Amino acid sequence: MTLYVENPKDMSQKLLEVINEFGKVSRSKINILNSAAFLYTNNKVSKREIKETIPFTIASKRIKYLGINLPVL
């Protein structure tokens, strides 16, 4: 599943609720600790604040999704 969130600091709690609800509807357990987040920001302060707010692993260099290499800023 791929989601785009415009304000991750403000939406982190709502995002976790949506993920949990999706897990209930799909009858699958989503492991937040194995989930990855892509941060598209050049602001180091924002990046640090987001890392402290969300429980996901932050993708550092590249990640392969469906056979496609996705660059991370």
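# A chat about the chain

Visitor: Where do I start? What share of the contacts with a separation of 6 or more is between residues 24 or more positions apart?
Guide: Residues 24 or more positions apart account for 43% of the contacts in the chain with a separation of 6 or more. Keep in mind that this is a predicted model.

Visitor: OK. How many helices and strands are there?
Guide: The chain has two helices and four strands. Read from the N terminus, the order of the elements is α-β-α-β-β-β.

Visitor: And how much of the chain is buried?
Guide: Of the 73 residues in the chain, 18% are buried. The accessible surface of the chain is about 6100 Å², and carbon and sulfur atoms hold 53% of that surface.

Visitor: Which residues lie nearest its centre?
Guide: Leu-3, Tyr-4, Ala-36, Ala-37 and Phe-38, out of 25 residues that line the largest pocket. By class, that lining has 19 nonpolar, four polar and two charged residues.

Visitor: Ile-54 next. Where is it found?
Guide: Ile-54 sits in the loop between helix 2 (44-53) and strand 2 (57-58).

Visitor: Buried or exposed?
Guide: Ile-54 has a relative accessible area of 10%, so Ile-54 counts as buried, the cut-off being under 20%.

Visitor: What does Ile-54 touch?
Guide: Leaving out residues up to four places away in sequence, Ile-54 touches Pro-8, Ser-12 and Ala-37.

Visitor: What about Arg-27, what is its phi?
Guide: Arg-27 is not a glycine, yet has a positive phi of about 60°. Most residues other than glycine have a negative phi.

Visitor: Where does Arg-27 lie, and is the residue buried or exposed?
Guide: Arg-27 is in the loop between helix 1 and strand 1. Its relative accessibility is 80%, so Arg-27 counts as exposed.

Visitor: Last one, Ser-35. Where does it lie?
Guide: Ser-35 is in the loop between helix 1 (8-26) and strand 1 (36-37).

Visitor: Which residues is Ser-35 in contact with?
Guide: Ile-30, Phe-56 and Thr-57, setting aside neighbours within four places in sequence. As for Asn-31, its backbone oxygen is 3.0 Å from a polar atom of the Ser-35 side chain.

Note on methods:
Residues are numbered from 1 along each chain as its sequence is written. This is a predicted model: local features need pLDDT of at least 70, side-chain atom pairs count only at pLDDT 80 or more; totals for chains, interfaces and linings use all residues. Side-chain values use heavy atoms; hydrogens and water are left out. A polar contact is a pair of N or O atoms within 3.5 Å; within protein, one must be able to donate a hydrogen and the other to accept it, and residues adjacent in sequence count only if both atoms are side-chain atoms. Contact means heavy atoms within 4.5 Å. Buried means under 20% relative accessible area, exposed over 50%, partly exposed in between (1.4 Å probe, protein chains only). Accessible areas come from the Shrake-Rupley method with a 1.4 Å probe; for residues, only the protein chains shown count as cover. On a 1 Å grid over the protein atoms alone, a cavity is a set of points where a 1.4 Å probe fits but cannot get out, and a pocket is an open set with protein on both sides within 12 Å along at least five of seven lines; lining residues have an atom within 4 Å of a point. Ala, Val, Leu, Ile, Met, Phe, Trp, Tyr, Cys and Pro count as nonpolar, Asp, Glu, Lys and Arg as charged, and the others, Gly among them, as polar.
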